[in-house]
Amino acid sequence: MEVVIVPDAKAGGALIAGAMADLLRRTPDALLGVATGSTPLPVYEALVAQVRSGSVDTSRARIAQLDEYVGLTADHPESYRSVLRREVLEPLGIGMDAFMGPDGTAEDVQAACEAYDRALTEAGGVDLQLLGIGTDGHIGFNEPCSSLVSRTRIKTLTEQTRVDNARFFDDIDQVPHHVITQGIGTILEARHLVLLATGEGKADAVAATVEGPVAAVCPASALQLHPHATVVVDEAAASKLKFADYFRRTYVNKPDWQGI
């Protein structure tokens, strides 16, 4: 696992967008796994700026969804399909025909989960998966004590996660109790995992992810098992890392050609 400490969220977004752009130059039809929420917005903004400047072409890129609420229709403004269409696909000029996501309104939710897992494999797998992290260490909607080999499935949200997400709805009663999420085992199959964390509120979760044991109580710690995982954190999110100075020195002395 590589840990990169950046000054702020904007710098983190630019760094990750640069990695995505480099990937698309090598593999124009790369499958990018994207996350929702406020944390990844600087990544998308920086990538859109590169597209508009002409430095990268996203016309053949494909987008894969990490998770989705159960029960919200695809056109609901807070369904993750709608959010990603507004924040990622439309700004990047990518059509919905290049988008992959689970069906949160399926009559048989388990079958929809299994179908999405198969679809990711049949598409050749995710080339780069962008992740955020919850204050409790969850990735996707794999809450604490999720199996580290889990596949795409339905999960019940913790009350804290519902409280955290209530800001996107009129009130907490509108936040669904269930979601479909890629499992940890599914996430670990992506070729490159990039986790972005910003703010002091994520500091404990980042420390547990990077320096703690691999344990289901901190689902993000499973990234330690991946051959190419990058954790990008701002100074506030890095504030509880014991080896922060080492991580800084390692990155400064890294050959430029290696990227992240």
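The following exercises, each with a worked solution, concern a predicted model.

**Exercise 1.** Determine which strands lie at the edges of the open sheet of 7 strands.

*Solution.* Begin with the order of the strands, which is S1-S10-S9-S6-S2-S3-S5, with parallel pairing. An edge strand pairs on one side only, and this applies to strand S1 (2–6) and strand S5 (99–100).

**Exercise 2.** Explain why helices H1 and H2 are classed as oblique to each other.

*Solution.* First, take the axes of helix H1 (residues 9–26) and helix H2 (residues 41–53): they come within 7 Å and cross at roughly 50 degrees. Angles under 35 degrees count as roughly parallel, and 65 to 115 as roughly perpendicular. The crossing is right-handed. Finally, identify the contact: H1 contributes residues including Ala9, Gly13 and Ala17, while H2 contributes residues including Pro42, Ala46 and Leu47. By class, this contact has 10 nonpolar, 3 polar and 2 charged residues.

**Exercise 3.** Decide whether Gly259 is buried, partly exposed or exposed.

*Solution.* Locate Gly259 first: its place is in the segment after helix H8 (244–252). Its relative accessible area is 32%. Buried means under 20% and exposed means over 50%, so Gly259 is partly exposed. Leaving aside neighbours within four places in sequence, Gly259 is in contact with Glu2 and Lys254. By contrast, the C-alpha atoms of Gly259 and Glu114 are separated by 34 Å.

Notes: Residues numbered from 1 in each chain as written. Predicted model: local features only at pLDDT ≥ 70, side-chain atom pairs only at ≥ 80, totals over all residues. Heavy atoms only, no water. Pairing = 2+ DSSP bridges. Helix = DSSP H or I, 4+ residues; strand = E, 2+ residues; numbered from the N terminus. Axes fitted to C-alpha atoms, helices over the stretch in contact; angles between N-to-C directions. Parallel < 35°, antiparallel > 145°, perpendicular 65-115°, else oblique. Left-handed = near helix turned anticlockwise from the far one by under 90°. Contact = heavy atoms within 4.5 Å. Nonpolar A, V, L, I, M, F, W, Y, C, P; charged D, E, K, R; others polar. Buried < 20%, exposed > 50% of the residue type's maximum accessible area, 1.4 Å probe, protein only.
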